[in-house]
Amino acid sequence: MGPSTILYTRMWTFLFLYILGINFCQADNSTQMLYAKLIIDKSAIANITSILKNFTYNNTFVEAPVMTTVCTNGTGSKECECKPDHRWNDTFCQSNRKCCGNEKCTLDKSADAKCVLSTTVTITGSLKIAQANKYEKCLKGTETTDYINCRDDLMKQMKTAYSTLRGFDFLNITGFRLGSLFIDFTMSVASTVNSQTLINISEAISRNLSASLDMETAGVVRLIMPDKMPVPYGDTNKNITCIATEDLGTTPQWSITNINGQYDITNGTVSTVTTLSKTESQIQLNKVTELWKGTYLCLYQQTKKFGNDSTINILHKGSDVLDVALLPDIAVFTVPSFPRCKTKTDVLQVAAQCEINNSTEPYIVSWNGDGLKDYSATSADKTQIYSAQKIINCGDNNNQTTASCIFKNRKEQNKSATVPFNIIAEGDLYCRAQGVWGDTKAGFTSVLKCTNSAGQRTRKCNLNEQWEDEVSGCVNSDLYNVLQNAKISDTGLGALDKNAETIFSNLNNVTQNSVRINTFANVKASVDVLSTMSVKLKDKLKVVDNVTTTKNFLASSSNLLDGSLENSWSKPDPESNKSLAEKYLQSVEDLIAISSISNDSDQKNIHIDTCSGKTCINTVFNAKVTVRSSGNGTVKTAGFKYLQDYLPNTTQTFNINSIVVSSTTQRGKENLEITLKFPLLIERPRHVELQCVSWNYNQSNWTDEGCVWGGASKPDECTCNHLTSFAILMSRYPIDIPYMTEITYAGLSASVVSLVISLLIELIVWSKVVKTNTLHLRHTAHVNISLCLLVADCCFLASSQPKSISEIWCRIAALLKHFCYLAMFFWMLSLSTMLLHQAVFLFHKVGKKTYLRFSLILGYVCPFLIVFITFLTNNGGAQDAYFSLETCWLVYSGLLKGTIYTFILPVGIIVFINLFAMIVVIMKLLDHKITEKSHEKEIQAAKTVLRSVILLTPIFGLPWIFGFATFIMDLTAGAVTLAVNYAFVVLNAFQGLFILLTTCLGDRMTREALLNSFRKKAPPTISESSTKLETTTKKS
């Protein structure tokens, strides 16, 4: 017998005895596959494989040996690879991610790893047994007899069932867990597993053990990855295909685990998921970046329920790794940032630095540039810094001003960055170092990395060698991550709706603490999140019906309007023509429009109300919005606190005077009528115009197009014919009446001159016209009325420009006008009471001194008391209580409210008494028969006084009737109000002229006396002397 025959006999004897022994432990219909492992010298392979052949013993089929794994020994290790139709087993792949599929793998010499058939299916599972007490011995120590017997019993039952699977390899119980009783096991089947057969066998064992079963398979589903990995960075149209061995009756779920976590893969801007057939599904990547580097999982899920609460849940998984040759984002710096040459003989050493984030890519880094040396690389917490030193000779004008670093990946792809050397030469302008900011060349900007946050800090040195204010681009790290996730939310890494839920939840958590985000950069980043998500959700989802998403988006939007963040909104956004507040408003308005909003969605700074029907009434922050239209659909109204302060005021003459209210609807926009009733932030002063406006997103300004203000009668109401964001603007200045100032100055000037002339005339004719007590009182009253009106008009002229005088002078002017105007009317009252007394008591004589004392008390003491009491009872003449700084006159606060009534009521009473006195005196003069000639002079005097009262009453009373009307009427009401104001100004301003023309020059006695006075002063002519002589002769 030759050596080969002996070897052949021994080997088959060994295999026969081994298999025979195993058969005693299996079920009768077992299909378990048993392996005999041969490790032989490579030179004997051909001889051995030609000797060993297939044979059958009873029901056992023994295959000839097949080579599965080929290894080549090296120094301290060996390099192994799988033969065709074989792959590394799944358990080994999970512990060695580089040894998956059929790739070559470097192993320790002692490592015992082998490849398995490509059709091998590995199964891990967990049985949940409800009747845990029946198998409680399995929870004892692993060395105890009870544990071993319990484990063997369960093993026998399970192997009896699963060994009937064709190609059954092995089954092993790996452990027991509490929570009912969980039995963890692993199983391997060498050939393809039929999913329905697996379910049926699993159901049988589950019924037998009264258990539920969770199971995962590897090998039923496999992935076909792109060839020639790693994939070049930025490569396009790369496909990953998932193939199942049979129709599993479900649609696969794709996911990826990358450096950021695990994501479901859906249709997005980068990935497209396609079902090719019942057994094939494919992902196409439009562009491969670092986000798509990771482990891909294709998952089919099969579930079957039976019994009362028992379930079989099988997950068929296929996974593989997509390797991508990465390219970095490079940040460049020099140390120092601006090397300074103090003299031309200086020699400086400057470090050029290129910084990248930590990466698994083994980059080959090279530098370009003259004079570079001492290359080095250092690692920080999250970054890698590559440096090169450059020697700069300050006297050399040919110094190269740039260097560049080049990063090469495994696919020979390059990415470079230029490092500028901004040298401050001798004589160059620069800003000296200040704090953390080093010397910086004039016209350049110094840059610092943010500490513990994302972004950069910058500070410019202007051409005048002065530091400008620092601009901080530092963004809270958590907020920065939220923004980055928002930017990739629609790429296909996760479903957009689920991504939105996570993003808004994280945004809400970050913005709840206003101290963490109280900078412009943080508020801008937060608004960018809202803006980014609004665009993506509006374009892709159309409707957001996730309640949690809506709640968190509204909460985070409200957080950004917190009053403590006011200063963080004010800076202009250098990256956009639109203001931050406008981007915020448009984003939130769009998100509200597509979100399912409930009526309990109110937040601290955002209120939302919804309704449906042809007539909708919504109320937010006490602002009432009524929408009428012919269509149907939900109307959503949102009110924003404080946002009116952040939106740019694009008008020079108006300020925003209400909260911003936004209304949206899905109904048709035809025949819309929107009525808005706003609570005004500042009460509208009289004569100040309001404007109903909406925000125009195209022009980024407020516009009154399509909106009408309710007018003075409804100052807080607007009517519009479209939906958008609304507000009320209030004019900064009252309505200016044309030529009012000119008329006032002209009238008052004429009055002052007329009053001075009137007083001079009284002085000239006093002795000639004051012949009776009645005339004495009349002219005394006229002089005092003229004096009071003269002082009042001078004060009026002095305070005609209230903004140009101080508060104390404005108060004095108001006080003097109040007193003088009242005194003027009380002197009129003294005239009318004197007439009334004479008429009632039939011209009963009263002494001149008595009349004078009465008139002085009535003319000055009474108005003084009124003014004095009013002044004291209004906080000592306080502004806005006694007088208005805008007019230097008394305050009108509404009907019977304000100090103006301490003037209007006395004047009204006096005018009424004057009218009554005139009627009584006229009736007495008509009815009384004068028989005594001694009363003729008194009657004539009374008529003169009566004529003065009749003329002065309308001269003084009528203007103040119009004046009172100007307090009640509003200039915004229209032409009638303008006419009343013109009438008041004309009549009031020209009072002095009217007095001169009526009571002075219009009085015959005064006029004749004045003419006589002028005649006496002129030299007589010959004819006049003859006439006088003739007259004298006749009298004698």
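Tutor: Let's start with exposure: buried means under 20% relative accessible area, exposed means over 50%, and partly exposed is in between (1.4 Å probe, protein chains only). Cysteine 862, at 25% relative accessibility, therefore counts as partly exposed.

Student: What should I know about the model itself?

Tutor: It's a predicted model, where local features need pLDDT of at least 70 and side-chain atom pairs count only at pLDDT 80 or more, while totals for chains, interfaces and linings use all residues. Residues are numbered from 1 along each chain as its sequence is written, and side-chain values use heavy atoms, with hydrogens and water left out.

Student: How do I read a disulfide, and how many disulfides does the structure hold?

Tutor: A disulfide is a pair of cysteine sulfur atoms within 2.5 Å. The structure holds twelve. Take the one joining cysteine 138 to cysteine 150, with S to S at 1.7 Å. The torsion about its S-S bond is about -90°, so this disulfide is left-handed.

Student: Where do cysteine 138 and cysteine 150 lie?

Tutor: Helices (H or I, at least four residues) and strands (E, at least two) are DSSP runs, numbered from the N terminus. Cysteine 138 lies in the loop between β8 (121–129) and α4 (145–162), and cysteine 150 in helix α4, so the pair ties together parts that are twelve residues apart in sequence. Cysteine 138 is buried at 2% relative accessible area, and cysteine 150 counts as buried at 10%.

Student: What is the torsion about the S-S bond of cysteine 810 and cysteine 888?

Tutor: About -125°, so that disulfide is left-handed. Cysteine 810 is in helix α14 (residues 807–840) and cysteine 888 in the loop between β46 (883–884) and β47 (889–890), so the pair links parts that are 78 residues apart in sequence. Both cysteine 810 and cysteine 888 are buried.

Student: Now a serine: is serine 404 buried or exposed?

Tutor: Buried, because its relative accessible area is 15%. Serine 404 sits in strand β27 (residues 402–408).

Student: And which residues is serine 404 in contact with, leaving aside its neighbours within four places in sequence?

Tutor: Contact means heavy atoms within 4.5 Å. For serine 404 you get Ser366, Trp367, Asn368, Ala417 and Thr418.
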